[in-house]
Amino acid sequence: GNWRHWLWERSPKRPNAMNAYSFLAHLYRPGEIILIFDAMETKHPLQKVIVTTPMDCRVPELIRAGGHYGRGIWFLCNPVDGQWHPNPRQDNKPSCRSEESVTSFRFAVLESDQAPPNLWLGFVAQLPVRVAAIYTSGGRSVHCLIRLDAASKAEWDSIVSPLKRPLKVLGADQACLSAVRLTRLPQCWRPEKNGFQKLLSEAPASFSLEK
């Protein structure tokens with residue numbers, strides 16, 4: 001639809017020139033660790049990407065092709081320390097993807113499987129947030145990575161909390177509003193949907209997408 005072209009025109013980085021790793025290189029800082037998964041429920045990442053400058057942006061074929069299970073590829077939206085920590089919310093079971101591992105509470109993920117994409121994006125554009133990236137799930141939903149730059153988990157919660165009610169009206173999944181949220185990694189194939197997790201727009205760290 002026209003909304004895709006509108007986004008493409010306003011993207012400071014040309015989405016069609018990016019792959020999954022160059023996408024990450026623009027969002028995260030040198031030395032930061034990003035975990036990549038090919039199953040939502042697994043504790044073990046498929047890949048640990050460490051951002052460097054310059055960055056080797058060759059993407060392994062397994063990741064481009066959608067992982068071992070054909071369900072596509074996710075990444076943890078906030079960077080982590082790469083260590084396993086006891087998770088007090090799950091009987092202290094060790095985890096590398098709980099809030100204890102997060103090194104920066106920079107991003108949140110907004111997604112709605114209910115609202116039509118043009119309505120959803122029109123709504124997100126009016127929120128008092130900076131949009132860092134917009135991409136498809138490989139199915140019909142559109143995900144928005146928003147930049148919060150919270151100093152702590154408590155500050156992250158305080159920014160996100162007021163957004164929950166308006167998001168609920170549009171059918172957004174409030175359970176998805178988590179600081180340790182897995183979200184679709186753009187520019188990877190999602191075999192089960194026969195679709196591409198497509199990057200629609202990305203603003204590098206120094207930008208915010210114009211509304």
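This is a predicted model: local features need pLDDT of at least 70, side-chain atom pairs count only at pLDDT 80 or more; totals for chains, interfaces and linings use all residues.
1. In which strand is S201 found? S201 is found in β12. S201 counts as buried because its relative accessibility is 0%, against a cut-off of under 20%. Its C-alpha atom is separated by 22 Å from that of F37, a residue 164 places away along the chain.

2. The sheet that contains β12 is open and has 4 strands, in the order β6-β8-β7-β12, with antiparallel pairing. The edges are taken by β6 (105-112) and β12 (199-202); each has a single partner strand, so one side of each is left without a neighbour in the sheet. From one strand to the next the twist averages 20°.

3. How many bridges join β7 to β12? Strand β7 (residues 130-136) is joined to β12 by 3 bridges, and the two run antiparallel. A133 has E202 of β12 as its bridge partner. Helix α2 (residues 20-27) packs on this sheet and touches β6, β7, β8 (142-150) and β12. The direction of α2 makes about 25° with that of β12.

4. A further helix, α5 (residues 153-160), lies across β6 and β8. It runs at about 130° to β8.

5. In soluble globular proteins, nonpolar side chains tend to be buried together. Here the largest nonpolar core has 37 residues, and those with the most contacts inside it are L110, W120, L121, I134, I146, W156 and L167. Two or more residues each come from α1 (2-10), β1 (33-37), β3 (74-76), β6, α4 (117-125), β7, β8 and α5. The most is given by β8, with 5 residues.

6. What is W120 in contact with, leaving aside its neighbours within four places in sequence? The contacts of W120 are L110, E111, S112, A115, V142, C144, L167, L170 and A172. Another core, of 26 residues, lies apart from the largest one and has F23, L27, C188 and L199 among its members.

7. The structure holds 1 cavity of 30 Å³ or more, and about 50 Å³ of space lies in the largest cavity. Its lining consists of V109, L110, E111, W120, L167, K168, A172, D173, Q174, C176 and L177. At least two lining residues are supplied by each of β6 and α6 (164-169), and β6 gives the most, with 3 residues. L110, W120 and L167 line this cavity and are also listed among the residues with the most contacts inside the largest core.

8. Are the faces of β1 covered or uncovered? Both are covered: I33, L35 and F37 on one side are buried, and so are I34 and I36 on the other. In a regular strand the side chains alternate between the two faces of the sheet. Counted by residue, 5 of the 5 in β1 are buried.

9. Strand β1 pairs with β2 (residues 47-50) in the antiparallel sense, over 4 bridges. Within this pair, I36 stands opposite Q47 of β2. Strand β1 is also joined to β3 by 2 bridges, again running antiparallel. On that side F37 stands opposite W74 in β3.

Definitions and conventions:
Residues are numbered from 1 along each chain as its sequence is written. Side-chain values use heavy atoms; hydrogens and water are left out. Two strands pair if DSSP finds at least two bridges between them. Axes are lines fitted to C-alpha atoms, for helices over the stretch in contact, and angles run from 0 to 180 degrees between N-to-C directions. Contact means heavy atoms within 4.5 Å. A nonpolar core is a set of buried Ala, Val, Leu, Ile, Met, Phe, Trp, Tyr and Cys residues joined through side-chain atoms within 4.5 Å. Buried means under 20% relative accessible area, exposed over 50%, partly exposed in between (1.4 Å probe, protein chains only). On a 1 Å grid over the protein atoms alone, a cavity is a set of points where a 1.4 Å probe fits but cannot get out, and a pocket is an open set with protein on both sides within 12 Å along at least five of seven lines; lining residues have an atom within 4 Å of a point. Grid points are joined across faces, edges and corners, and a volume is the space filled by probe spheres set on the points.
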